[in-house]
Amino acid sequence: MSTGASVWCVKSQLVDLLKEGLWEELLDIYQPEIYISDWWSTRCGCVYSICVKLLAANRSTVIAEFKANPDPHGFVTGSRDQFGFLFLPSQVSYRFRQYGRGVRYVHFLHRGKDILYWAGYYGARITNSTVMVKLN
């Protein structure tokens with residue numbers, strides 16, 4: 001889990017699909033569905049964004065891309081976390097289908113920051129980031 005402050009807190013991960021046990025013919029011919037999901041919340045007000053890219057073997061050619069910039073969360077009322085802070089969890093998800101030949105990597109980047117400028121780390125809380133490949 002990462003928590004942002006009044007500056008952007010950025011987290012990035014590169015998933016090598018071949019090292020995870022998939023193979024080129026499967027990805028190129030059958031193009032199994034690639035599902036991504038991310039959970040984010042706020043305690044006091046934040047903005048959040050996500051960008052997920054399906055990349056070729058050279059790690060720079062973008063074959064497919066998903067971006068989301070959900071509406072900012074302001075000061076919230078709702079459930080309380082283990083520290084007694086209120087939070088409003090939200091999920092962002094997407095399914096890549098029929099994305100084309102050549103996908104070898106999934107690049108997952110998300111970021112968040114506080115919009116109320118409180119002292120400390122009160123920005124976006126990001127957790128449970130997921131990349132799943134659905135094999136039928």
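User: Let's start with Arg104: does this residue count as buried or exposed?

Analyst: Happy to begin there, and please keep in mind that this is a predicted model. The general idea is to compare relative accessibility with a cut-off: under 20% is buried and over 50% is exposed. Arg104 comes out at 8%, so this residue counts as buried.

User: Where is Arg104 found?

Analyst: Arg104 sits in the loop between strand 8 (90-96) and strand 9 (105-114).

User: Which residues is Arg104 in contact with, leaving aside its neighbours within four places in sequence?

Analyst: The list includes Val15, Asp16, Leu17 and Leu18, along with Glu24, Leu27 and Asp28. Leu55, Ala56 and Ala57 are also in contact with Arg104.

User: Now salt bridges. How many does the count come to?

Analyst: The general idea is to look for a side-chain nitrogen of Lys or Arg within 4 Å of a carboxyl oxygen of Asp or Glu. By this rule the count is five salt bridges.

User: Which residue forms a salt bridge with Glu24?

Analyst: That is Arg104, with the closest N and O atoms 4.0 Å apart. The two come from distant parts of the chain: Glu24 is in helix 1 (residues 24-30), Arg104 is in the loop between strand 8 and strand 9, and they are 80 residues apart. Glu24 has 40% relative accessibility and therefore counts as partly exposed.

User: And what do the side chains of Asp28 and Arg104 form?

Analyst: They meet in a salt bridge as well, at 2.8 Å from N to O. Because Asp28 lies in helix 1 and Arg104 in the loop between strand 8 and strand 9, this pair ties together parts that are 76 residues apart in sequence. Both Asp28 and Arg104 are buried. Taken together, Glu24, Asp28 and Arg104 are linked in a network of salt bridges.

User: Which residue does the side chain of Glu33 meet in a salt bridge?

Analyst: Glu33 meets Arg95, at 2.7 Å from N to O. Glu33 belongs to strand 3 (residues 33-41) and Arg95 to strand 8, so the pair ties together parts 62 residues apart in sequence. Glu33 counts as buried because its relative accessibility is 13%, whereas Arg95, at 38%, counts as partly exposed.

User: How far apart are Asn136 and Glu33?

Analyst: Asn136 and Glu33 are 103 residues apart in sequence, and 9.2 Å apart in space from C-alpha to C-alpha. Asn136 is placed in the segment after strand 10 (125-134). At 92% relative accessibility, Asn136 counts as exposed.

User: What is the order of the open sheet of four strands?

Analyst: The order here is 2-9-4-5, with antiparallel pairing. The edges are strand 2 (9-16) and strand 5 (62-68), each pairing on one side only. Neighbouring strands in this sheet are turned by 10 degrees against each other on average, direction ignored.

User: How many bridges join strand 4 to strand 9?

Analyst: Strand 4 (residues 46-55) is joined to strand 9 by 10 bridges, and the two run antiparallel. Ser49 stands opposite Arg111 of strand 9.

User: Finally, the core. Which residues touch the most other members of the largest nonpolar core?

Analyst: In soluble globular proteins, nonpolar side chains tend to be buried together. The largest nonpolar core here has 24 residues, and those touching the most other members are Leu17, Ile34, Ile50, Leu54, Phe96 and Tyr99. Two or more residues each come from helix 1, strand 3, strand 4, strand 5, strand 8 and strand 9. Strand 4 gives the most, with five residues.

User: And which residues is Tyr99 in contact with, leaving aside its neighbours within four places in sequence?

Analyst: Tyr99 is in contact with Leu27, Gln31, Pro32, Ile34, Leu54, Ile63 and Ala64. Of these, Ile34 and Leu54 were named with Tyr99 among the residues that touch the most other core members.

Note on methods
Residues are numbered from 1 along each chain as its sequence is written. This is a predicted model: local features need pLDDT of at least 70, side-chain atom pairs count only at pLDDT 80 or more; totals for chains, interfaces and linings use all residues. Side-chain values use heavy atoms; hydrogens and water are left out. Contact means heavy atoms within 4.5 Å. Buried means under 20% relative accessible area, exposed over 50%, partly exposed in between (1.4 Å probe, protein chains only). Two strands pair if DSSP finds at least two bridges between them. Axes are lines fitted to C-alpha atoms, for helices over the stretch in contact, and angles run from 0 to 180 degrees between N-to-C directions. A nonpolar core is a set of buried Ala, Val, Leu, Ile, Met, Phe, Trp, Tyr and Cys residues joined through side-chain atoms within 4.5 Å.
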